[in-house]
Amino acid sequence: MYYYLPLLYFGSLFLSYRYNKLQQPFFYSLPYMTTYGTIFYLLTELNYGMVYSYFMPLYYIWVMLQMNNIGIHDSNHKQKLFLTCYEMLNYFKWDIKKETELDKDKQYMFSFHPHGYLSFGFQRMVLLEQLNKELGLTKKTIPLIHKMLFYIPFARELLQYFGSMECSLKNIEHVLLRGHNLGIVLGGVSEMRHIEENTETFYVKPRNGLFDISVKRNVPIVPVVAVRENDTYNLHKYLMTKDFLGTDLHFFASKALMFWMPKKTKIDIIIGNPITETSKAKLKEEYLKELNRIVLKYNYDRKLVFI
């Protein structure tokens with residue numbers, strides 16, 4: 001029944017990379033649908049997964065129907081899960097540095113760098129609401145995350161459980177209109193592709209939407225740097241796939257004893273000064289200066305790369 005799935009997966013992966021500018025759910029969902037379909041096929045062959053063979057098609061139909069309804073999901077019973085995830089992220093050593101005390105009643109857009117592989121700094125500070133606790137903010141901070149992650153089975157439910165939303169200009173406007181703060185990893189996947197050890201990468205120059213909204217609504221952008229985020233995993237690129245797929249394939253591994261585990265390191269979270277300007281060009285210029293300043297201030301022996 002599922003013998004065609006591996007071929008469909010690689011074919012849809014090719015289409016996803018070639019036509020990702022279309023931003024259509026079809027191209028984003030197929031790789032994940034076929035990947036999980038293949039896994040459940042193997043389970044079925046082992047006589048352990050018959051239920052999944054019938055369940056997953058229904059699940060994906062429900063996902064497709066719900067995709068336009070992704071919004072702010074409040075959960076009143078997540079404290080236990082919060083504590084569990086918090087302890088997991090304590091695998092790393094953390095140090096939080098604040099450049100200034102923020103007005104706790106004001107609205108902010110928190111922009112995180114670098115993306116790294118799994119954005120542990122963003123997870124700890126925004127998903128687990130440590131940012132609000134550290135700064136004493138009264139407004140809720142909504143995590144905005146790449147749309148593709150909402151097509152991974154069961155991951156979307158977990159992300160929504162933590163109040164996450166799809167990262168889009170429409171949702172940024174929606175969050176601000178509702179009076180919330182927002183958290184975003186500005187460089188996104190593009191920044192992830194430039195991971196280098198002992199390097200802080202800032203993919204900012206091609207980004208415009210967040211700066212346009214900041215100027216339009218006069219909402220300050222607060223740069224946040226997770227120093228050593230890039231050291232948690234090593235990035236290996238398979239360049240020979242670029243001409244075929246339109247991008248590099250990437251493989252991440254750790255120097256830890258178990259290569260799939262991140263390298264245990266100290267991650268310093270530096271929360272910069274809020275920035276507001278009346279023009280996008282000036283705002284972006286000041287934003288880049290602030291990123292450079294807050295990292296150099298603490299004399300880290302790190303290479304800074306601005307893209």
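Me: Which side chain meets E200 in a salt bridge?
Reply: R302 does, at 2.8 Å from N to O. A salt bridge here is a side-chain nitrogen of Lys or Arg within 4 Å of a carboxyl oxygen of Asp or Glu. Before we go on: this is a predicted model, where local features need pLDDT of at least 70, side-chain atom pairs count only at pLDDT 80 or more, and totals for chains, interfaces and linings use all residues. Residues are numbered from 1 along each chain as its sequence is written, and side-chain values use heavy atoms, with hydrogens and water left out.

Me: Where do E200 and R302 lie?
Reply: E200 is in strand β6 (residues 199–202). R302 is in the loop between α12 (280–297) and β11 (303–306). The two are 102 residues apart in sequence, so the pair ties those parts together. Helices (H or I, at least four residues) and strands (E, at least two) are DSSP runs, numbered from the N terminus.

Me: Are E200 and R302 buried or exposed?
Reply: Both E200 and R302 are buried. Buried means under 20% relative accessible area, exposed over 50%, and partly exposed in between, with a 1.4 Å probe and protein chains only.

Me: How many salt bridges in the whole structure?
Reply: A search finds 16. One of them pairs K216 with E173, 3.1 Å from N to O. K216 sits in helix α10 (residues 209–217) and E173 in helix α8 (residues 169–177). They are 43 residues apart, and the pair links distant parts of the chain.

Me: And the accessibility of K216 and E173, what is it?
Reply: K216 counts as exposed, at 58% relative accessibility. E173 is buried, at 16% relative accessible area.

Me: What does R293 pair with?
Reply: E290, through a salt bridge whose closest N and O atoms are 2.9 Å apart. Both R293 and E290 lie in helix α12, three residues apart, about one turn of the helix. An α-helix has 3.6 residues a turn, so residues three or four places apart point the same way.

Me: Which residues share that network?
Reply: Salt bridges with shared partners join E99, E290, R293 and K297 into one network. Within that set, R293 is partly exposed at 32% relative accessibility. E290 is buried, at 8% relative accessible area.

Me: New topic. Which residues of α10 are buried?
Reply: L210, F211, I213 and S214. They lie on the same side of α10, because they cover an arc of only 165 degrees around the axis. The arc is that of the directions from the helix axis to the C-beta atoms.

Me: What do those buried residues pack against?
Reply: The buried residues of α10 pack against β2 (109–113), α8, β5 (181–185), β7 (221–227) and α12. Contact means heavy atoms within 4.5 Å.

Me: Take I213. What does it touch?
Reply: Not counting residues up to four places away in sequence, I213 touches L169, I172, E173, L176 and N218. I213 is buried, at 5% relative accessibility. I213 and E173 are 40 residues apart in sequence, yet 7.6 Å apart in space, C-alpha to C-alpha.

Me: What phi does N218 take?
Reply: A positive one, about 55 degrees, just after α10.

Me: How do α10 and α12 cross, and at what angle?
Reply: Their axes come within 9 Å and cross at roughly 115 degrees. Axes are lines fitted to C-alpha atoms, for helices over the stretch in contact, and angles run from 0 to 180 degrees between N-to-C directions.

Me: Which residues meet there?
Reply: F211, D212, S214 and V215 in α10 meet K280, L283, K284 and Y287 in α12. The contact divides into four nonpolar, one polar and three charged residues. Ala, Val, Leu, Ile, Met, Phe, Trp, Tyr, Cys and Pro count as nonpolar, Asp, Glu, Lys and Arg as charged, and the others, Gly among them, as polar.

Me: Where is G187?
Reply: G187 is in the loop between β5 and α9 (188–192). G187 is buried, at 0% relative accessible area. Leaving aside neighbours within four places in sequence, G187 is in contact with H113, Y203 and R207.

Me: Last one. How many helices and strands overall?
Reply: The protein has 12 helices and 11 strands. Of its 307 residues, 49% count as buried.
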